Amino acid sequence: MYFPWNKYEELPTSRRNTLQIFITNKCNLSCDGCFARNIMAGDDVNIKMSEYEKVATDFLVKGGEKINLLGGEPLLHPRIKDIIALNKKLTLETTIYTNGYYLKKFTKQDFKDAKLRVSLYCKSGHTKSADKLPKTDLPIEVCFMVSKDT
């Protein structure tokens, strides 16, 4: 068997130009499925603003367009609002991946220049379930993570 390549035209692609950056090691959960739990180490819990600004500026100079903020739990970074403001100033699109537990500490205004993505395991019965999310009027996208246990 072979694939009939001659019947299809390959569409041009462009680089995504997205940087994923871990801004904090702090997290309120200890999820089994967390891909970051085994790679984050060191004494500095949060990225320093000066270091973040250098990385973001260098990324922009190289043609970067989007930044995904990861952690730990990015909403625990004490300067999350400053990071979002810097990204806006640099015209970088911002997406924050969060477990959603701290959404009530923020307003729509805080995230007017960022997109929030909440990762969940299931609707109910688990630490990261939809039923355990705080009620909020913040616009969010939900990513369901599937595993043999959920």
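Q: Is Phe106 buried or exposed in this structure, and how do I read that from a number?

A: The general idea is a scale of relative accessible area, on which buried means under 20%, exposed means over 50%, and partly exposed lies in between (1.4 Å probe, protein chains only). Phe106 has a relative accessible area of 12%, and so it is buried. Before going on, please keep in mind that this is a predicted model, in which local features need pLDDT of at least 70 and side-chain atom pairs count only at pLDDT 80 or more, while totals for chains, interfaces and linings use all residues. Residues are numbered from 1 along each chain as its sequence is written, and side-chain values use heavy atoms, with hydrogens and water left out.

Q: What share of the protein is buried?

A: Of the 150 residues in the protein, 35% are buried.

Q: How many helices and strands does the protein have, and in what order do they run?

A: Helices (H or I, at least four residues) and strands (E, at least two) are DSSP runs, numbered from the N terminus. Here there are 2 helices and 5 strands, and, starting at the N terminus, their order is β-α-β-α-β-β-β.

Q: Which rings form an aromatic pair here?

A: Rings of Phe, Tyr and Trp (its six-membered ring) pair if their centres lie within 6.5 Å; planes under 30 degrees apart count as stacked, over 60 as edge-to-face, and the rest as tilted. Applied to this model, that rule gives 1 aromatic pair. Its members are Phe106 and Phe111, whose ring centres are 5.0 Å apart and whose planes make an angle of 55°, which is why the pair is called tilted.

Q: How many salt bridges does the structure hold, and which residues form them?

A: A salt bridge is a side-chain nitrogen of Lys or Arg within 4 Å of a carboxyl oxygen of Asp or Glu. The structure holds 7 of them, including one between Lys54 and Asp58, whose closest N and O atoms are 2.8 Å apart. Because Lys54 and Asp58 are 4 residues apart in helix 1, about one helical turn separates them. Lys54 is exposed, at 51% relative accessibility, whereas Asp58, at 33%, is partly exposed.

Another salt bridge joins the side chains of Arg79 and Asp82, with an N to O distance of 2.8 Å. Both ends are partly exposed, Arg79 at 38% relative accessibility and Asp82 at 34%.

Q: Where in the chain do Glu141 and Lys115 lie?

A: The side chains of Glu141 and Lys115 meet in a salt bridge of 3.9 Å, taken from N to O. This pair links distant parts of the chain, with Glu141 in strand 5 (residues 141-144) and Lys115 in strand 4 (residues 115-120), 26 residues apart. Glu141 is partly exposed at 33% relative accessibility, and Lys115 is partly exposed at 28%. Salt bridges can also share partners, and in this way Lys88, Lys112 and Asp113 are joined into one network.

Q: What does Thr94 contact?

A: A polar contact is a pair of N or O atoms within 3.5 Å; within protein, one must be able to donate a hydrogen and the other to accept it, and residues adjacent in sequence count only if both atoms are side-chain atoms. Thr94 lies in strand 3 (residues 93-98) and is buried, its relative accessible area being 3%. Its side chain makes a polar contact with the side chain of Asn87 at 3.0 Å, and the side chain of Thr94 also reaches the backbone oxygen of Leu92 at 3.5 Å.
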